[in-house]
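Please find below my notes on this structure, written for someone who has not seen it before. They go from the overall form to single residues.

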Amino acid sequence: MTDKPVYIGICICCGKPITRDNLSTSLEGRVIDWNEKISIQGVTYHFCHHCAGNVKDYLKGGIKEAVKRQDEDLEVIARLKALDDKDKATIDPVIVGS
Ligand SMILES: [Zn+2]
C-alpha cells in the first residue's frame with residue numbers, strides 16, 4: 001500500500017498540486033494586482049521544479065533577452081502563418097456530391 005501524496009500548495013505557474021518533494025521555490029511577501037488595483041500582504045506562492053527552472057531560464061539575460069525571445073517567437077508565428085496560408089491557397093476544394 002502506498003501513502004497518498006501530501007499536497008502543500010499549488011504551483012503558481014502550471015497549477016499542479018505541489019508536494020514537499022516537488023516544491024522548488026517559494027515567494028513570500030506582498031503582491032500588487034495591477035488589473036484589480038489591489039495590494040495583498042502576506043502571500044506565499046510556490047513553484048514546482050519544472051516551472052522554477054523555466055522561470056530561472058526566462059530571467060537569464062534580463063529584458064534584452066526577453067525581447068529577443070519575443071521577436072523570435074513572432075518571426076516563427078509569421079513563418080507558420082505564411083506556410084498555412086500557402087497550403088490553403090494550393091488545396092483544391094472538394095465539392096461533395098459532384
Ligand atoms: Zn509548475
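What radius of gyration does the protein have, and what would a compact globule of 98 residues have?

1. Overall size. The protein has a radius of gyration of 22 Å, whereas a compact globule of 98 residues would have one near 13 Å. The radius is taken over C-alpha atoms, and the globule rule is 2.2 Å times the number of residues to the power 0.38. Along the principal axes, the C-alpha atoms fill a box of roughly 65 × 50 × 30 Å.

2. Basis of the model. This is a predicted model, in which local features need pLDDT of at least 70 and side-chain atom pairs count only at pLDDT 80 or more, while totals for chains, interfaces and linings use all residues. Residues are numbered from 1 along each chain as its sequence is written.

3. Elements. There are 2 helices and 4 strands in the protein, in the order β-β-β-β-α-α from the N terminus on. Both kinds are DSSP runs numbered from the N terminus: helices are H or I with at least four residues, strands are E with at least two.

4. Burial and contacts. Of the 98 residues in the protein, 5% are buried. A residue is buried if 20 or more other C-beta atoms lie within 10 Å of its own, exposed if 12 or fewer, and partly exposed in between, with C-beta atoms placed from the backbone. Among contacts between residues at least 6 apart in sequence, 44% join residues at least 24 apart; a contact means that the C-beta atoms, placed from the backbone, lie within 7 Å.

5. Strand S1 (residues 7-10) and strand S2 (residues 17-19) run antiparallel and are joined by 3 bridges; two strands pair if DSSP finds at least two bridges between them. Glycine 9 has isoleucine 18 in S2 as its bridge partner. The hairpin has 6 residues between the strands, and glycine 15 takes a positive phi near 85° there.

6. Leucine 23. This residue lies in strand S3. Leucine 23 is partly exposed because 16 other C-beta atoms lie within 10 Å. Leaving aside neighbours within four places in sequence, leucine 23 is in contact with Ile8, Ile18 and His46. Lysine 56 is 33 residues from leucine 23 in sequence and 15 Å away in space, C-alpha to C-alpha.

7. Lysine 37. The loop between strand S3 (23-33) and strand S4 (38-48) holds lysine 37. Lysine 37 is not a glycine, yet has a positive phi of about 55°. It has 7 C-beta neighbours inside 10 Å and therefore counts as exposed.

Key: Contact = placed C-beta atoms within 7 Å.
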